[in-house]
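Here is my note on the model you asked me to look over. Keep the structure open beside the text as you read.

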Amino acid sequence: VRGPPSAGSVKKRPAKHTAFRKFYDRGDFPIAVQHESVANKIAWKVEIENLDYHYFLPLFFDGLCETEFPYEFFARQGVHDMLEHGGNKILPVVPQLIIPIKNALNLRNRQVLCTTLKVIQHLVVSAEMVGEALVPYYRQILPVLSIFKHMDVNLGDGIEYGQQKRENIGVLIKETLELFERYGGENAYINIKYMIPTYGS
């Protein structure tokens, strides 16, 4: 007797072209590549602090779905740069970031998952109250994390390589949930537990 077919919950979904890609191709972003000996960086043509975060931050988050160079590089690096320099501009934009985060996680692409989890971790600690502001959105963010929580899979060739580059999905999810709990205020734990019953702090 054959068992039921697999539900395909961890199967990769096809990605659509993002608004980020369209804007990048049109040259609408004030960015260029700065070639460094160790790793490339973004050369911003304006002060990051002066960017309109309501406009640009959701667009860069939208680019987290990208897997091709240069889009993936600019989106990922741009998000981290903006979170690094955003300060009190980040909190008011949090509601606009949820759909791009959800879209990226829902692709169930291992590379995109790792990138997005690292971005979520940075977002949580980027400014005061951001961790608490994310609690009402756990229902949108946590279902995919619940599916992949027990995947101790490295993207790299071999355990060591994957852990060095922090590309172990199970570990990244555990870290992310712990940050949610630590920065999410008094209701964080119960809300995580509701969505992921196996979670224990």
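1. Ground rules. This is a predicted model, where local features need pLDDT of at least 70, side-chain atom pairs count only at pLDDT 80 or more, and totals for chains, interfaces and linings use all residues. Residues are numbered from 1 along each chain as its sequence is written, and side-chain values use heavy atoms, with hydrogens and water left out.

2. Salt bridges. A salt bridge here is a side-chain nitrogen of Lys or Arg within 4 Å of a carboxyl oxygen of Asp or Glu. How many salt bridges does this rule give? The count is five.

3. A link across the chain. Glu66 forms a salt bridge with Arg21. Their closest N and O atoms are 2.8 Å apart. Arg21 sits in helix 1 (residues 19–26), while Glu66 sits in the loop between helix 2 (53–62) and helix 3 (71–86). The two are 45 residues apart, so the pair links distant parts of the chain. Helices are DSSP runs of H or I with at least four residues, numbered from the N terminus.

4. Buried or exposed? Are Glu66 and Arg21 buried or exposed? Both are buried. Buried means under 20% relative accessible area, exposed means over 50%, and partly exposed lies in between (1.4 Å probe, protein chains only).

5. Two further salt bridges. Asp28 and Arg26 meet through their side chains, at 2.7 Å from N to O. Asp28 counts as partly exposed because its relative accessibility is 33%. Arg26 counts as exposed because its value is 51%. Glu178 and Lys174 also form a salt bridge, at 2.9 Å from N to O. Both lie in helix 9 (residues 169–183), four residues apart, which is about one turn of the helix. Glu178 is partly exposed, at 30% relative accessibility. Salt bridges with shared partners also join Arg21, Glu66 and Glu68 into one network.

6. Aromatic pairs. Rings of Phe, Tyr and Trp (its six-membered ring) pair if their centres lie within 6.5 Å. Planes under 30 degrees apart count as stacked, those over 60 as edge-to-face, and the rest as tilted. The structure holds 15 such pairs. Tyr24 is in helix 1 and Tyr71 is in helix 3, 47 residues apart. Tyr24 is partly exposed because its relative accessible area is 24%. Tyr71 is buried, at 12%.

7. The ring cluster. Ring pairs link a set of residues into a cluster, including Phe20, Phe23, Tyr24, Trp44, Tyr55, Phe69 and Tyr71. What lies over the face of Phe23? Arg26 does, at 4.9 Å from the ring centre. A charge sits over a ring if NZ of Lys or CZ of Arg is within 6 Å of the ring centre and within 35 degrees of the ring normal.

8. Backbone details. The peptide bond from Phe69 to Pro70 is cis, with omega near 5 degrees. Pro70 lies in the loop between helix 2 and helix 3. Arg108 is not a glycine, yet has a positive phi of about 55 degrees. Arg108 is in the loop between helix 4 (94–106) and helix 5 (110–126), and is buried at 11% relative accessibility. Met129 has a positive phi of about 75 degrees, although it is not a glycine either. Met129 is in the loop between helix 5 and helix 6 (130–134), and is partly exposed at 47%.
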